[in-house]
Amino acid sequence: MRPATWLWGVSAACVLACNGGGGGDTEATDGTGSPGTMTAGPSTGGNTPATATDDPPTGGPGDPTETGGTSESSDTTPSVTTTDSTTGDPPDPNELGGPFRRGINIGVRNPNFSDPECAWLAAQVGCNSIRVSLPEQHLVTWGYDIEVPDIDAYASMGLDHHIAFLTSPIREHSTAPEGTPDWELAHWIPKNLYEPATIDGAINPNNYWAEYVYKTVSTYKDHVDMWEIWNEPDWVADWNYTETWDTDPPTKEHLVRFGGSIFDYVRMLRVSKEAALLADPDAKIALGGIGYANFLDALLRYTDNPDGGTVTAEFPETGAAYFDILNYHYYPLWTPGNSDAGADGFFTTRDGFAAKMAAAGVPERPYNVTEVGAPKAVVDGQPGGIEYARNFYIKVFARAQAEKFVGADWFILSDGDPGQVFGEMGLYQDIKDLPAKEDGVLSVTGVAARTLNTLLADSRADPPATAALAAGPDVRAYAFRLPDDRTAIVAWAYAAGTDESAQTHWDMPTDKSFDLHAWDFSQTNTATPLAPEGGLLGLDLTASPVILVES
């Protein structure tokens, strides 16, 4: 996650709080990063999906760590010509793990809790996948199979089909200057990246990154569907650098959390894809939680040729050829307004990336977001609040599933330090001092998450049914098909503004009866039966979404 400008905001957050594989029950650093801040700038063009204030904000959590993520989605996408010149279907989200991925960044808030104990907590709120961290430092130190028992344990709890992010070369493989602390190795690309990834059909051990990817995918392919390459490679210390990226390549000096240029990132994607496919023909490569649409634009313009990213026989393809999933990060902290404005920004970000792909003539890819979160308190005047956060969770996750995202990973499992914006995003109240996992207490956002995730478990998006709802401009409504073929609908009153006071009446066209569940159903266990009259079901909606389940 990034302390960043616009809406995806905080790189440091993920660096610190994303665990879930790669540690927790060991003494490894698990890719934990150091705190950082990044000045944010006004939104311009396709750079950010939402409006920003005139004064660039600063943001960023303390030390984040990377946690698991899952992936699921529904429905198929149309046939296209892929960037490697083959004709066929792009990756079908359904093939990446079935139903929509309800993922989580676990973090390491309670150092006495093992990763499986934290996964158990995630399962209690209906998560079905984890954003798993598998840094080379951790795997080399403890053995490549160190996380196998934990990931098997996750599967036994119903958390599977993860997304794992790959980063942090060991010191001997890193381009980091001598004296760089271990935690900062996650900010430096590996040596020998331009060695061939394979020789005579086998991994070339002299390409350190290729060997690491190959070994990791070989070990965890039964439970990991997508491989996120690096974490926020386009993080910048000064947003003004990004103003040139529509025409000039992002440089090593710009990309201080990557330690290489855009050509190097294309190379890393290329090597990752070759190595991953050798280990698992079904492996899917995901971008590393990017934030800037013009970084994607550069990725689609340049090859991995270190000489200006030009096309040659040795470097025949742009970065478009080397990723399957467009994975980004989003936080609504720099998007003024209520939870609807914040949720709209999530999808405006997606639209900015889609526009860049369309302009480049590149087929659109399935989307995943490995970091998204909103605070339960207003901090430094940024959007937030108890109603805001719980409404935002339901709106983003319901709409992301309806719009065929592979999945999304909430940041984060537990609240952290009070008064810190990223410390207010937990699905649980602070677990730091708990003696046992069973003592965990859901936050308001966690109650909403459990309600949505339980009621829509294993559901599929139903676009025709959504269209048939014919919701007006002051209503948002999305239909889903449950495993037993019943219909579920998530609906709320939509309005611009700065608070959660929207209200409207909606006559929903239907001949079916439903049970209406409020956001806190998982706590109250109370639903209201409703029956239509004359083909209409009258609903008095507010900004707090309701979930209607066919009775």
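Before the first pair of helices, one definition: an axis here is a line fitted to C-alpha atoms, for helices over the stretch in contact, and angles run from 0 to 180 degrees between N-to-C directions. The model I am showing is predicted.

Take α6 and helix α7, residues 293-301. Their axes come within 10 Å and cross at roughly 70°. Angles of 65 to 115 degrees count as roughly perpendicular, so α6 is roughly perpendicular to α7. Which residues meet there? From α6 we have Ile262, Tyr265, Val266 and Leu269, and from α7 Phe295, Ala298 and Leu299.

Next is helix α5, residues 208-220. It has 13 residues and reaches 18 Å from its first C-alpha to its last, close to the 18 Å expected at 1.5 Å a residue. Its buried residues are Trp209, Ala210, Tyr212, Val213, Thr216, Val217 and Tyr220. Why are they on the same side of α5? Because they cover an arc of only 165° around the axis. The buried residues pack against several elements, among them α3 (136-142), α4 (148-156) and α6 (262-279).

Now the sheet. Strands of a sheet pair through backbone hydrogen bonds, either parallel or antiparallel. Here six strands form an open sheet in the order β16-β17-β18-β23-β20-β21, and the pairing is antiparallel. β16 (460-461) and β21 (528-530) stand at the edges with a single partner strand each, so one side of each has no neighbour in the sheet.

Inside that order, β20 (residues 514-517) and β23 (residues 546-550) are joined by four bridges. Leucine 516 stands opposite leucine 548 in β23.

Last, helix α9, residues 386-402, lies across β16, β17 and β18, and runs at about 55° to β17.

Definitions and conventions
Residues are numbered from 1 along each chain as its sequence is written. This is a predicted model: local features need pLDDT of at least 70, side-chain atom pairs count only at pLDDT 80 or more; totals for chains, interfaces and linings use all residues. Side-chain values use heavy atoms; hydrogens and water are left out. Helices (H or I, at least four residues) and strands (E, at least two) are DSSP runs, numbered from the N terminus. The expected span of a helix is 1.5 Å times one less than its number of residues. Buried means under 20% relative accessible area, exposed over 50%, partly exposed in between (1.4 Å probe, protein chains only). The arc is that of the directions from the helix axis to the C-beta atoms. Contact means heavy atoms within 4.5 Å. Two strands pair if DSSP finds at least two bridges between them. Angles under 35 degrees count as roughly parallel, over 145 as roughly antiparallel, 65 to 115 as roughly perpendicular and the rest as oblique.
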